[in-house]
Amino acid sequence: MRPGWKENLLPVLAVLVAGLGGVLTVATALPVSVRVGLSLLGIAAGVGLVVAWSLRRGAQVERITAEVRRMLAPGHGPSVEAARSLTSSVQGGPQDELAELRTTLGQLGQRMATQVKETAKKGRNLESVLDALVDPVIVTDQADEVLMCNAAAERLFAAPRGTLAGRPVQGLLTRREILDLHHAAHKGTSGSGRVTLTTEGGPRVFDVAAAPLPNAWGTGVFGVLLVLRDITSLAQAVQMQTDFVANASHELRTPIAAIKAATETLAGGAIDEPVMRGKLMGTIGTHAMGPEELVHDLMDLARRATP
């Protein structure tokens, strides 16, 4: 370990004292007032050297301290430029008693610059992955503000690139169902639901999933992940099927009831009456055409739905 400032200061003082003693020895023949003046002058010179030495070292430490404080100030944070500045601020001669500190801080600056580059690279890769997703993705922080989102989310809200970050989630998603899912996820509970949102292209149906994002260190949740999957086409197809079943049920109810009544009448004895039997058979044939046409329609729909 290199000697501290106290150990380095002792030789300096020893030299000063020895020099002062030599001067006083040579000047013994001088008057007392002159010797006192020389003594005071020697002491002043020694104090001046010590003060200059201390100020020089203090200025070096202040430069290093100021650079570190600037890096830790709000709104700055570590960066490649800050790491280079820290490295340059601690450069000095190898004989300096601060050389070990300079070397350590220089290595720290280089390592920090490498870590900053890696972090920036990972951040850009994450943005690329999110933008590749077709579903809107929104990440909020503990203050319920948008921390990050992908391009699909910006298109959903017709927002320019990079303008959603920092906005409150309550200002983007006003539906109570989504806000309830978001609040539950903040409490640590995942959930999903189906909601209809009004967009520039008209009403759209979304399956919304909300999941808590746990803290990297310790416990608790630092944010929420929201994924909105557009299922408008699927919802429309399901609605069409529902409407078709309802219409088909209505279309089948009348002919089936008529055929059933005619069959029961024939079974009750009308089959032995030629005139009545002819009318009932005609009724059965007429109402049987409706279900037959419906069967043909179902077969056409099945063929169209087959890829």
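Trainee: What is the mean pLDDT of the protein chain?
Mentor: The mean pLDDT (the predictor's confidence in each residue, from 0 to 100) is 74, and 64% of the residues reach 70 or more. This is a predicted model, where local features need pLDDT of at least 70, side-chain atom pairs count only at pLDDT 80 or more, and totals for chains, interfaces and linings use all residues. Residues are numbered from 1 along each chain as its sequence is written, and side-chain values use heavy atoms, leaving out hydrogens and water.

Trainee: Where does pLDDT stay under 50?
Mentor: Over residues 1–7. Where pLDDT is low, the predicted coordinates should not be read in detail.

Trainee: New topic: how many salt bridges does a search of the whole structure find?
Mentor: Six, taking a salt bridge as a side-chain nitrogen of Lys or Arg within 4 Å of a carboxyl oxygen of Asp or Glu. One of them pairs Asp207 with Arg194 at 3.0 Å, N to O.

Trainee: Which strands do Asp207 and Arg194 lie in?
Mentor: Asp207 is in strand E4 (residues 202–214) and Arg194 in strand E3 (residues 191–199), so the pair ties together parts 13 residues apart in sequence. Strands here are DSSP runs (E, at least two residues), numbered from the N terminus.

Trainee: And Arg194, buried or exposed?
Mentor: Exposed, at 54% relative accessibility, while Asp207 is partly exposed at 24%. Buried means under 20% relative accessible area, exposed over 50%, partly exposed in between (1.4 Å probe, protein chains only).

Conventions
Contact means heavy atoms within 4.5 Å. Helices (H or I, at least four residues) and strands (E, at least two) are DSSP runs, numbered from the N terminus.
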